[in-house]
Amino acid sequence: MRLHVTVVNILYPWNPYPMGQATTSRDRTKPYHHGALRATLIEAGIALAREGGPDRVILREAARAAGVTHSAAYRHFTDREALLAEVAHHARQALASEMRHQVARTSDPRLRLRAVGTAYVHFALAEPGLFRTAFIAYPPAPELPPVALPTEECGPFEILGQVLDEAQTARLLNPIRRPGAEIAAWSAVHGLAGLLLDGPLPTTPENIEDSLERVLDAIERGLLTL
């Protein structure tokens, strides 16, 4: 008996990838994605600043520490300066946090002004890398009148200004001396911090406190009523 067989050609889509590994051209060209990469790069930059100050903050080094290629880092920061600006902002906020902590320990306007200077110098000695980085990418002073900021957003300069305003309200600071008082006080403590960090002032605990007291006394005599 003859069998009548009909041959049917079945088209089966061939997949060159093993089961479960199929992909499309869209998937193959999907860009690198790391949801927290920007924050990770900033953290790496902060660590680099702590090690060696602003010169140590290099985008390629931050990318290496984050475990990504430098091309991936460039998707979040256009260049080194952009990363350095973020790290400098963090450094200023860390300094401001220490200043707020010290100021909050007293309600006496005179002592609060001394607390600002004390916190500034102590931070510089405890975190020299961050201190040197803090003002390396400082934004220009606004041309408009100052705007009141939430306390947690105030930087070192704003905190100093607030404390000086308190001294004026308490009639410890003559309104005639108030304009530019931030510059005089800031220059004094910043200069002291630099001389302690880079010499030639001695840095034993006793010498540090003696130098600090002398500078704070000079600021007080120059700005406040005795």
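1. Arg178 counts as buried, at 11% relative accessibility (buried means under 20% relative accessible area, exposed over 50%, partly exposed in between, with a 1.4 Å probe and protein chains only). The model is predicted: local features need pLDDT of at least 70 and side-chain atom pairs pLDDT 80 or more, while totals for chains, interfaces and linings use all residues. Residues are numbered from 1 along each chain as its sequence is written, and side-chain values use heavy atoms, leaving out hydrogens and water.

2. The side chain of Arg178 meets that of Asp165 in a salt bridge of 2.9 Å, N to O (a side-chain nitrogen of Lys or Arg within 4 Å of a carboxyl oxygen of Asp or Glu). Asp165 lies in helix H8 and Arg178 in the loop between H8 and H9, so the pair ties together parts that are 13 residues apart in sequence (helices are DSSP runs of H or I, at least four residues, numbered from the N terminus). Asp165 is partly exposed, at 39%.

3. The structure holds 15 salt bridges. In one of them, Arg132 joins Asp198, with the closest N and O atoms 2.3 Å apart. Because Arg132 belongs to helix H7 and Asp198 to helix H9, this pair ties together parts 66 residues apart in sequence. Asp198 is exposed, at 58% relative accessibility.

4. Tyr120, Phe131, Phe135, Phe157 and Trp186 form one aromatic cluster; rings of Phe, Tyr and Trp (its six-membered ring) pair if their centres lie within 6.5 Å, and planes under 30 degrees apart count as stacked, over 60 as edge-to-face and the rest as tilted. The structure holds five aromatic pairs. Phe131 and Phe135 are edge-to-face, because their ring centres are 6.4 Å apart and their planes at 85°.

Methods:
Helix = DSSP H or I, 4+ residues; strand = E, 2+ residues; numbered from the N terminus.
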